[in-house]
Amino acid sequence: CVIIFFFFFFFFFKQKTAYEIYQCDWSSDVCSSDLIYLHKRFFPKWIWLWLPFYFTKSLVALAINRNVKGWREYALQPIKDSLSKYLVYRQPPAGKTPGVNGKTPGVKEAGSVFVWQGHWQGGAERVTLALAQYLSNQDFNVTLGVYTKDSNIKLRQIVFPKFTFIPQSFRSFAASLIFRNRYADRFNAVYAHTLGAWKTNRNKVFIHEAADLDTKLTQTDGIARKLAYSIWRGLYLKLSLTQAATIFAATPECAQYLIHKNIPPNRIMTSSSFYNETVFHYVNRPLPAKPIKLIFIGKYQDPAKNFAALQRLFYNNQDYTVTILGGSAVKRDSNFTYRGYCPPHQVQQELARADIFFMPSISEGFSIALLEALATGIPCLTNQAVHPAQLNKIRNFISYATEQEIPNKIHHIVQNHSRYNTPDPTLARFAQSIVLHKEYKIIADTLAGSIQAYKIPASVKNSPKTHAHK
């Protein structure tokens, strides 16, 4: 391959450049048609190989011909056009109609509300999708921004490149730049749950946030991770939170953080996270017997989940079995069983089989996995550092301050099984139907007020204005 490429490079560079220099013809291979053709045929595998070669060729011709105008017209502009068409903005394949089956929507097809979904897996992503579907049911035209199309989701989807060479927490920022350049003028409102330069002169931005970002910084381990998180937090605050028309604060701690950062209180609206009660429901469990069955839910590779604590305490301990949901691994290692990512109905099944839900995280916003576990009635043992204040009165919610307390806490839970494994009616206020039809209805009203072309449904028009600003 190296030899073939060398001969190709030498022959093409020598022959074509010689022709350009001799004839002063800038329209040979420096024209946009050749470049775009190569992008169509070989994108994205060869684009980084071809562009440096093409640009170097044009510089050589420029140095000899000194035709700056021609260089700009036939070299720089084709590169810019080609990048915009075949690298940054992914086009639908030939024969596909834009706007159909998740492809780029046409202007007439574009919805009024753009919802940044990103990935499909994770608690924040489930909340975001539920909101998008709710807004769609309220007669909003909703378009999802995603990394991978899901044909089972009956909402319009725009697929963005993932840019795997960028750290994961910054990829949404790259997607937002593409959104601004390509799609922003098609939407009146944007809803997001993470970093992005979503705000333009023509739209209003709405952010859902659950964390006190200062506290999360103190909970982050390692100098490199603290530095990366500090950069992320600074960009998120400047480009997203301060630009938002409304920020939906899912926790009191988040609301206080936003006020501390000089976000006007009238732009902070109290909200909540929620669980889907049609999937997650109470299960009556038998009295635990050895080995005690523990369950951990989350991306165990994430240091914030503190999976190392689980390994230190329970790995190779024959008194316990541990089931891990989340991450990519599917394997069995001693008494640890890795299930990988599981859809909600399978999560319910695994929770029903377990004795104790264990969450040793050192940093969380408002864990959706914790809400879902509580809904099944399983005793939930969590790190006090991430103890959501709203859950203080939930019966099956138990916290610990240090790792040394964990064995005693587990013994206490087993000894008081009947006390903890009971449904708690106070958890109902976090049910999806309650939150979406009450608190999240405020979001629909707010979005409706910001979109001039939106026709407000009668059910929304006639509803009382119950905006609860922090």
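Which side chains meet in a salt bridge at 2.4 Å, N to O? Select Asp214 and Arg233, the two partners of that contact; a salt bridge here is a side-chain nitrogen of Lys or Arg within 4 Å of a carboxyl oxygen of Asp or Glu. Asp214 lies in helix 7 (residues 213-219) and Arg233 in helix 8 (residues 223-241), so the pair ties together parts that are 19 residues apart in sequence. Helices (H or I, at least four residues) and strands (E, at least two) are DSSP runs, numbered from the N terminus.

This is a predicted model, in which local features need pLDDT of at least 70 and side-chain atom pairs count only at pLDDT 80 or more, while totals for chains, interfaces and linings use all residues. Residues are numbered from 1 along each chain as its sequence is written, and side-chain values use heavy atoms, with hydrogens and water left out.

Colour the two partners by accessibility. Asp214 is partly exposed, at a relative accessible area of 23%, whereas Arg233 is buried, at 17%. Buried means under 20% relative accessible area, exposed over 50%, and partly exposed in between (1.4 Å probe, protein chains only).

Next, select Glu364 and Lys305, whose side chains form a salt bridge of 2.7 Å, N to O. Glu364 sits in the loop between strand 11 (356-359) and helix 12, and Lys305 in the loop between strand 8 (292-297) and helix 10 (307-314); the pair links distant parts of the chain, 59 residues apart. Glu364 is buried, with a relative accessible area of 16%, and Lys305 also counts as buried, at 17%.

Move to Glu372 and Arg126, a salt bridge with its closest N and O atoms 2.8 Å apart. Glu372 belongs to helix 12 (residues 368-375) and Arg126 to helix 5 (residues 123-137), 246 residues apart. Glu372 is buried at 4%, while Arg126 is partly exposed at 24%. The whole structure has 9 salt bridges.

Finally, colour by pLDDT, the predictor's confidence in each residue, from 0 to 100. The chain averages 77, and 74% of the residues score at least 70. Select residues 7-22, where pLDDT stays under 50 and the model has 28 contacts beyond four places in sequence; contact means heavy atoms within 4.5 Å. Over residues 452-470 pLDDT also stays under 50, with 34 such contacts. Where pLDDT is low, the predicted coordinates should not be read in detail.
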